[in-house]
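Student: Could we go through this model together, one question at a time?
Tutor: Gladly, let us look at it first.

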Amino acid sequence: MNAIKTRRVNISRPAYPCPLCGELSKRHAHGHRSLREIGVDGPVLVEVTYSKHFCETCRKHFSVPMDHLAVPSGRFTNRVRWTAVDLVIKSAMTLDKAALRMRQKYFVNVPPTTIHDWVRDAMAAMRVTRAY
Ligand SMILES: [Zn+2]
């Protein structure tokens, strides 16, 4: 059993523009999030520190964006997602085989049902892209 390596990513900002009105809003708290990441020689966990802000104009709370790292409710990084989707779409693996490869080669446990959802979303996104 390989020890889990932790990578810390800090995307906290002292102030960030409100997504609704653009007003520069001060940080009022920090948030933390753990994401499973692709590993090369063992499991990797990314610990993200992000900032939470409050817009005085809109009276709304929001967090600094992290779409480049992961989807809002996801437990895995985008890299994990894209790698698994590629195994199914480009390498034509079954969901079970892709899950096995993710576990054996990249040290990430992704349930086949989760990979299924990712592939479905990716296919939907591709259809939308082609329509334009
Ligand atoms: Zn605002």
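**Loops, helices and domains**

Tutor: F107 sits in the loop between α2 and α3 (112-131); helices (H or I, at least four residues) and strands (E, at least two) are DSSP runs, numbered from the N terminus. This is a predicted model, in which local features need pLDDT of at least 70, side-chain atom pairs count only at pLDDT 80 or more, and totals for chains, interfaces and linings use all residues. Residues are numbered from 1 along each chain as its sequence is written.

Student: What is the phi of F107 near?
Tutor: F107 is a residue other than glycine, yet its phi is positive. The value is near 60 degrees.

Student: Is F107 buried, exposed or partly exposed?
Tutor: A residue is buried if 20 or more other C-beta atoms lie within 10 Å of its own, exposed if 12 or fewer, and partly exposed in between, with C-beta atoms placed from the backbone. F107 has 19 C-beta neighbours inside 10 Å, so it counts as partly exposed.

Student: Which class does R59 fall in, buried or exposed?
Tutor: R59 lies in the loop between β4 (44-55) and β5. R59 is not a glycine, but has a positive phi of about 55 degrees. Because R59 has 7 other C-beta atoms within 10 Å, its class is exposed.

Student: How are α1 and α2 oriented to each other?
Tutor: Two packed helices are described by the angle between their axes and the distance between the axes. Here α1 and helix α2 (residues 95-106) pack at an angle of about 135 degrees, with their axes 9 Å apart; axes are lines fitted to C-alpha atoms, for helices over the stretch in contact, and angles run from 0 to 180 degrees between N-to-C directions. Angles under 35 degrees count as roughly parallel, over 145 as roughly antiparallel, 65 to 115 as roughly perpendicular and the rest as oblique. The angle therefore makes α1, relative to α2, oblique.

Student: How do the residues of the contact of α1 with α2 divide by class?
Tutor: T83, A84, L87 and V88 of α1 meet L95, A98, R101, M102 and Y106 of α2, where two residues are in contact if their C-beta atoms, placed from the backbone, lie within 7 Å. Ala, Val, Leu, Ile, Met, Phe, Trp, Tyr, Cys and Pro count as nonpolar, Asp, Glu, Lys and Arg as charged, and the others, Gly among them, as polar. The division is seven nonpolar, one polar and one charged.

Student: Which residues does R79 contact, leaving aside its neighbours within four places in sequence?
Tutor: R79 belongs to helix α1. With 16 other C-beta atoms within 10 Å, R79 is partly exposed. Leaving aside those neighbours, the contacts of R79 are E37 and I38.

Student: Which strand gives the most to the side of domain 1 that touches domain 2?
Tutor: The chain is divided into domain 1 (1-72) and domain 2 (76-132), with bounds from an automatic or database domain assignment. Eleven residues of domain 1 are in contact with nine residues of domain 2. With three residues, the strand that gives the most to the domain 1 side is β3 (residues 24-37).

Student: What separates the C-alpha atoms of D67 and N78?
Tutor: D67 is in the loop between β5 (60-63) and α1 (78-89). D67 counts as exposed because it has 8 C-beta neighbours inside 10 Å. D67 and N78 are eleven residues apart along the chain, and their C-alpha atoms are separated by 8.5 Å.

Student: And what separates the C-alpha atoms of M123 and V85?
Tutor: M123 is part of helix α3. M123 is partly exposed, with 13 other C-beta atoms within 10 Å. Along the chain M123 and V85 are 38 residues apart, and their C-alpha atoms are separated by 9.5 Å.

Student: Which residues does T6 touch, not counting those up to four places away in sequence?
Tutor: T6 is placed in strand β1 (residues 5-10). T6 counts as exposed, with 12 C-beta neighbours inside 10 Å. Not counting residues up to four places away in sequence, T6 touches L45 and E47.
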